[in-house]
Structures are given as structure tokens and as C-alpha cells.
Amino acid sequence: MIHQFYPQVPHDYRYELNKDMQLAAAHFIPAESAGKCANVHGHTYVINVTIAGDKLNETGFLVDFKTIKNIVHDRFDHSLLNEDEVFGDAKQSDPDSFPTTEVVARTIWQLIQRELDECVNQPRCLQVLVRETPTSYVVYRAKEGDFEE
Ligand SMILES: [Zn+2]
């Protein structure tokens with residue numbers, strides 16, 4: 001059971017929805033400087049996504065919780081993250097696409113916001129928290145200019 005308190009995003013929207021997910025995935029960081037993390041290893045990722053908006057859709061949802069789960073959990077659970085096209089292939093040389101906790105958080109934001117941009121009620125993904133271990137997590141927060149107008 002996931003019951004945790006998360007850092008709050010300051011905002012002025014009427015509705016805020018949070019979706020918790022847990023998934024098992026493997027990754028490696030293809031850089032010599034990554035030390036032991038250059039070897040394939042696994043984590044139980046704990047992910048929290050914060051979505052906000054002023055309007056609900058035709059179902060009375062800000063966004064369906066299931067939609068968020070499909071985007072994140074269905075795609076990455078029991079996978080080797082490096083093999084997903086969003087993280088390039090194993091021979092990649094661009095650190096901005098290595099599946100580090102930071103890049104995983106940003107990528108999840110991009111995948112979710114891309115879907116939200118199609119919604120008539122225009123919800124926004126304000127924060128993605130990715131916990132890689134019990135003692136390490138990253139928070140990604142989009143900036144105003146990152147959203148479509
Ligand atoms: Zn790792």
C-alpha cells in the first residue's frame with residue numbers, strides 16, 4: 001500500500017488529482033562515471049503524479065486515473081527502461097536521455113502532458129515525483145513555458 005506525503009506544488013487551480021503508482025523496472029546508466037549504476041540493475045519505482053485544472057471533462061473527471069496508469073505503469077512495468085524508445089538505445093551517448101531518476105521523471109511528465117494536451121478541459125501535469133529507492137527521489141516540475149497555450 002502506498003500512503004505517503006509528497007511535496008506540494010503551489011498553484012491556484014480548483015482541482016488537484018494525485019496518482020500513485022509502483023512499478024518494477026531495470027535500467028543502467030551508460031556512462032563510466034556512473035560506477036556501479038553502469039551495470040543493469042533493478043528498482044521498485046514509486047511514482048506520484050500531480051495533475052491540476054479548473055474544469056472537469058464530460059465524465060466529471062479532471063482526468064481518468066486509469067489514463068495515467070496506462071501511460072506510465074503499462075509502459076514501464078517489468079521493462080528494461082534503456083530499451084524504451086523514449087530513452088534511446090543502450091549505445092546512446094546523450095546524457096539527457098539516460099534513464100536516470102531525473103530523466104525518468106521528466107519523460108513521464110512529457111508522456112502525460114502530451115496526452116493531457118488532447119483533453120478539452122486542459123488539465124496540467126504540475127509535478128512528477130519518482131522514488132528510486134527508499135532514500136532517493138527526484139521531483140520534476142514543469143515551468144510555465146513548457147505548457148501548450
Ligand atoms: Zn538505478
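Student: In which sense do E4 and E5 pair, and over how many bridges?

Tutor: Strands of a sheet pair through backbone hydrogen bonds, either parallel or antiparallel. Here E4 and E5 pair in the antiparallel sense over 6 bridges, and they form a hairpin with 2 residues between them; in this pair, Leu129 has Val139 of E5 as its bridge partner. Two strands pair if DSSP finds at least two bridges between them, while helices (H or I, at least four residues) and strands (E, at least two) are DSSP runs, numbered from the N terminus. This is a predicted model, in which local features need pLDDT of at least 70, side-chain atom pairs count only at pLDDT 80 or more, and totals for chains, interfaces and linings use all residues. Residues are numbered from 1 along each chain as its sequence is written, and side-chain values use heavy atoms, with hydrogens and water left out.

Student: What is the order of the strands in the open sheet, and which are the edge strands?

Tutor: The open sheet has 5 strands in the order E3-E1-E2-E4-E5, with mixed pairing. Its edge strands, each pairing on one side only, are strand E3 (79-80) and strand E5 (136-141).

Student: How many bridges join E2 to strand E4, and which residue stands opposite Val130?

Tutor: E2 and strand E4 (residues 124-133) run antiparallel and are joined by 7 bridges; Ile47 stands opposite Val130, and Val49 stands opposite Val128. Buried means under 20% relative accessible area, exposed over 50%, and partly exposed in between (1.4 Å probe, protein chains only). Strand E4 is largely enclosed by the rest of the structure, because 9 of its 10 residues are buried.

Student: Which residues does the UniProt annotation "active site" cover?

Tutor: UniProt positions are given in the numbering used here, feature names are shortened, and annotations may be inferred rather than shown by experiment. The annotation "active site", from an unreviewed UniProt entry, covers Cys37, His78 and Glu132.

Student: Which residues coordinate the zinc ion?

Tutor: Donors are N, O and S atoms within 2.8 Å of the metal (3.2 Å for Na, K and Ca), and sites may look incomplete, since water is not among the atoms. In this model His27, His41 and His43 coordinate the zinc ion, each through NE2, at 2.0 to 2.1 Å, and the donors follow the spacing H-x13-H-x1-H along the chain. His41 is partly exposed, with a relative accessible area of 22%, while His43 is buried, at 13%.

Student: Which residues line the largest cavity?

Tutor: Rolling a probe the size of a water molecule over the atoms shows where empty space is left. On a 1 Å grid over the protein atoms alone, a cavity is a set of points where a 1.4 Å probe fits but cannot get out, and lining residues have an atom within 4 Å of a point; grid points are joined across faces, edges and corners, and a volume is the space filled by probe spheres set on the points. The structure holds 1 cavity of 30 Å³ or more, and about 40 Å³ of space lies in the largest cavity. Leu23, Tyr45, Ile47, Val72, Phe76, Leu81, Val104 and Ile108 line the largest cavity, and strand E2 (41-53), helix H1 (65-76) and helix H2 (101-116) are the elements that give two or more residues to this lining.

How values were computed
1 Å grid on protein atoms, 1.4 Å probe; cavity = no way out; pocket = protein on both sides within 12 Å on 5 of 7 lines; lining within 4 Å.
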